[in-house]
Amino acid sequence: MITFSATLTCRFDAIFSPFAPHELEQGFAWLANSGFDAAELTINDYDGLDIRQLKQQLDQFRLGCTTIATGQARKRDGLSLLSSDPNVVRKTQQRLREHIDAAALLGSQVTLGSLRAPDRAMSKVEYIHQLAEAMQPCVDYARQCDVSIIIEALNRYEISHLHSAADMMEFMALSDAPNNVGILWDVFHANIEDPDFASAIAHMGSRLHHVHLADSNRHFPGYGHLPVESIYNMLQGAGYQGAISLECFCLPSKEAVIQGAGPLLKRLRAL
């Protein structure tokens, strides 16, 4: 069964979260009252963050956690697995291990998106091999913790490689990725990179672990031109059993996101 989550942030403001970090409990209440099954948590680092207490809060609202979004550390801390500085790579691997520890407690996955941004020009083959090499210690540790790492396909304007579903599957093949490495498919990026949504979903198959939902302009669904209901039907038809997570700008307004989420979920679940 497809489940639903939405982005909330734990430590620092995030453009996709309609609630600030100090409003996190209000955010959990919104998720529960709107019919979501879980939260997608944006976590930069764990200074002063008690994951066990966070898990208790989620449990109180009968919510799970689908994945930990890790990209804030790219801009805030300059982290990347593909930095030309080995010390930065090691710091990034250590941060990902901390995310994996948290994910093991929360029963979630860990997202790898912006933390795979390189600081130099690389060929596609070089990029794939170096990313696989830098990921390997984290993937091995995640497997020991029964955690999956999901790599997000990002559009060409945000990163140099791995933009489309086909690119992601090429990475899986060339890197011989184990089963605990999956794909996060964001329909905003896919609208730029994937010529056909149904074909992309079919191509990813069981590697598709998580879906981000936003409209074509990254506004709340219904304020752009993406056929959200049709995409949902495509995922259902393909037998997708993961989560669809709302990750959109708080546009046209934060209120539109907060008030529109419940009706959106009802429409999709009725399909």
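**Helix packing, pockets and backbone features of a predicted model**

Helix 1 makes a right-handed crossing as it passes helix 2; a crossing is called right-handed if the near helix is turned clockwise from the far one by less than a right angle, and left-handed if anticlockwise. The model is a predicted one, in which local features need pLDDT of at least 70 and side-chain atom pairs count only at pLDDT 80 or more, while totals for chains, interfaces and linings use all residues. Residues are numbered from 1 along each chain as its sequence is written, and side-chain values use heavy atoms, with hydrogens and water left out.

Helices (H or I, at least four residues) and strands (E, at least two) are DSSP runs, numbered from the N terminus. On the side of helix 1, the contact (heavy atoms within 4.5 Å) is made by L24, E25 and F28, and these meet L54, Q57 and L58 of helix 2. By class, this contact has 4 nonpolar, 1 polar and 1 charged residues. Ala, Val, Leu, Ile, Met, Phe, Trp, Tyr, Cys and Pro count as nonpolar, Asp, Glu, Lys and Arg as charged, and the others, Gly among them, as polar.

Next come the open spaces. On a 1 Å grid over the protein atoms alone, a pocket is an open set of points with protein on both sides within 12 Å along at least five of seven lines, whereas a cavity is a set where a 1.4 Å probe fits but cannot get out; lining residues have an atom within 4 Å of a point. Grid points are joined across faces, edges and corners, and a volume is the space filled by probe spheres set on the points.

The largest pocket has a volume of about 760 Å³. Its lining comprises 29 residues, of which F16, G71, Q72, K75 and S114 are the closest to the centre. Helix 3 (residues 72-77) contributes the most to this lining, with 4 residues. The classes are 10 nonpolar, 11 polar and 8 charged residues.

The second largest pocket, with a volume of about 190 Å³, has a lining with 4 nonpolar, 8 polar and no charged residues. Among the residues that line this pocket are C65, T66, H209, H210 and Y240. Strand 7 (208-213) and strand 3 (64-69) each supply at least two lining residues, and strand 7 gives the most, with 3.

The largest cavity has a volume of about 60 Å³, and helix 5 (residues 124-144) provides the largest share of its lining, 4 residues. The lining has 7 nonpolar, 2 polar and no charged residues, including M135, F171 and P178.

The structure also holds 6 aromatic pairs, in which rings of Phe, Tyr and Trp (its six-membered ring) have centres within 6.5 Å; planes under 30 degrees apart count as stacked, over 60 as edge-to-face and the rest as tilted. F16 and F249 form a stacked pair, 5.7 Å centre to centre with 5 degrees between the planes. This pair links distant parts of the chain, 233 residues apart: F16 lies in the loop between strand 1 (3-9) and helix 1, F249 in the loop between strand 8 (243-246) and helix 10 (254-269).

P252 is also found in the loop between strand 8 and helix 10, and a cis peptide bond with omega of about 15 degrees joins L251 to P252.
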